[in-house]
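Here is a short tour for anyone meeting this fold for the first time. Have a look at the sequence and the model, and then we'll walk through a few spots.

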Amino acid sequence: MPNTRGADEALNWVNTNSRPSELRITDMRVAEITGAPFTSVLLKIYTNQGIVGLGEVRDGASASYALMLKSRLLGENPCDIDRLFRRIKQFGGHGRQGGGVSAVEIALWDLAGKAYGVPIYQMLGGRFRDKVRIYCDTDATVPSGTETGKRLKERMDRGFTFLKMDLGLMQIADVPGAVVAPAGVLEAYRHHPGRGSVKTIEERRARNALYDSHNVAHPFTGLNFTDKGIDLLEQYISEVRDVIGMDIPLAIDHVGHVSLQNGIRLARRIEKYVPAWLEDVIPWQYTEQYRQLQDATTVPICTGEDIYLKEGFAPLLRSGGLSVVHPDLLTSGGILETKKIGDMAQDHGVAMAIHMAESPIAAMAAAHVAVATENFMALEYHSADVAWWDDIVTGLPKPLVKDGFITVSDKPGLGIDDVVDEVISQHLQPGVTGIWQPTHHWDNDYSWDRTWS
């Protein structure tokens, strides 16, 4: 008799109560949380068979980006992922505007996996790896490279084998003579526009003005590093490398809103410290400037966390301006779109890292893509200091990130059993009074959405 134990075990995951062809979407609800590490929106899509799909809206984005799609999904079979994605993708956009479409797409994959009893990575074509390497992102909030190096060394002691830190404008902004800045421009970057209610029109106008200041693209700010500033930034990364050594990959983020020329100057000065990549030096839309930047340095150049859909990545890849693409599933369009982005990047000889700064729901969505994409390099983890991060969901190992890796099981869908309401209720965004509240007012939202005549 042949040994069928493996097949029998696989049947343990099959949902015998599910009839996938008769599955229908019946509701959509959200929970808006903060501190994990930033603000984000957890999403549930409900069905007529009791299966619930989990998704997540990009950090910093509005729940409305997802809820506005509800009336376009009710009554549909969530297993028709590509058809439904093509219906709603016109309502996404770059940056946080991609968050609603992406959240829904991830929840649809979770539902399909649960309905058919298979993990998402299997539906994407199977594994290239069993474990997903994590890079630990650590904000450089102190002016001392040695102190930041000590924080990074602590990450290494916890098992992380890939690191990222900030290096740029805000490390030297308070040093006299380090930055050339038009009057008032640098001051605006010390404050964030914020969110929530305001008491007066004047307060709202002040917040809007600050918002506008943060939306001036890099070439137009007039901010420039002096030689002293460049010296200090080189000293900073040198001090970090003195602490952590040269063996571990160290990526660089948050250069600041400076010009292409300043980015080139910085990149050339830090080449000897072998950065894994230099990220988002200029806005991703400036394709030709990215080509010039990459041509000017041996440091790998990286961008992509704010790009929506694979079409947004195509010009950069064709230009030769990137060595690493860096999509965020919660902006890029979700799971399948990110898999396509990775495959397209591989065709151009470019690696893929994945940006992720949200809850375990987003982490597992990204992990399934990472498992199934050959040119994957590392997945971001920005919650190493969030004690309750692992408690947000059930059904995953604790800790989920162990010795610098996520191990993806063969559980159906994302592999998550449920969200822990008691935990997320303790971390609601300001002004939010409840979780999974009825959203009936979105049921009949209507517009004539066809984009052609």
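How many bridges join β4 to strand β13, and do they run parallel or antiparallel? Three bridges join β4 to β13 (residues 376-381), and the two run parallel. Before going further: this is a predicted model, where local features need pLDDT of at least 70 and side-chain atom pairs count only at pLDDT 80 or more, while totals for chains, interfaces and linings use all residues. Residues are numbered from 1 along each chain as its sequence is written, and side-chain values use heavy atoms, with hydrogens and water left out.

Helices (H or I, at least four residues) and strands (E, at least two) are DSSP runs, numbered from the N terminus. Two strands pair if DSSP finds at least two bridges between them. Here is how β4 pairs up:

| Partner of β4 | Bridges | Sense | Facing residues |
|---|---|---|---|
| β16 (residues 405-407) | three | antiparallel | V132 and I406 |

Six of the eight residues of β4 (residues 131-138) are buried, so the strand is largely enclosed by the rest of the structure. Buried here means under 20% relative accessible area, with exposed over 50% and partly exposed in between (1.4 Å probe, protein chains only).

**The core around V132**

A nonpolar core is a set of buried Ala, Val, Leu, Ile, Met, Phe, Trp, Tyr and Cys residues joined through side-chain atoms within 4.5 Å. The largest one has 136 residues, and V132 and I406 have the most contacts inside it. Helix α16 (residues 360-372) gives the most to this core, with 11 residues. Setting aside neighbours within four places in sequence, V132 has contacts (heavy atoms within 4.5 Å) that include A367, A370, V371, F376 and L379.

**Helix α15**

Next up is α15 (residues 335-347): its 13 residues reach 19 Å from first C-alpha to last, close to the 18 Å expected at 1.5 Å a residue. That expected span is 1.5 Å times one less than the number of residues. Among its buried residues are I335, I341 and M344. After α15 comes G349, whose phi is positive, near 70°.

**A threonine in a loop**

T297 lies in the loop between α12 (287-295) and β10 (301-303). T297 is buried, with a relative accessible area of 8%. A polar atom of the T297 side chain lies 3.0 Å from the backbone nitrogen of V299. Not counting residues up to four places away in sequence, T297 touches A267, R268 and E271.

Terms used: A polar contact is a pair of N or O atoms within 3.5 Å; within protein, one must be able to donate a hydrogen and the other to accept it, and residues adjacent in sequence count only if both atoms are side-chain atoms.
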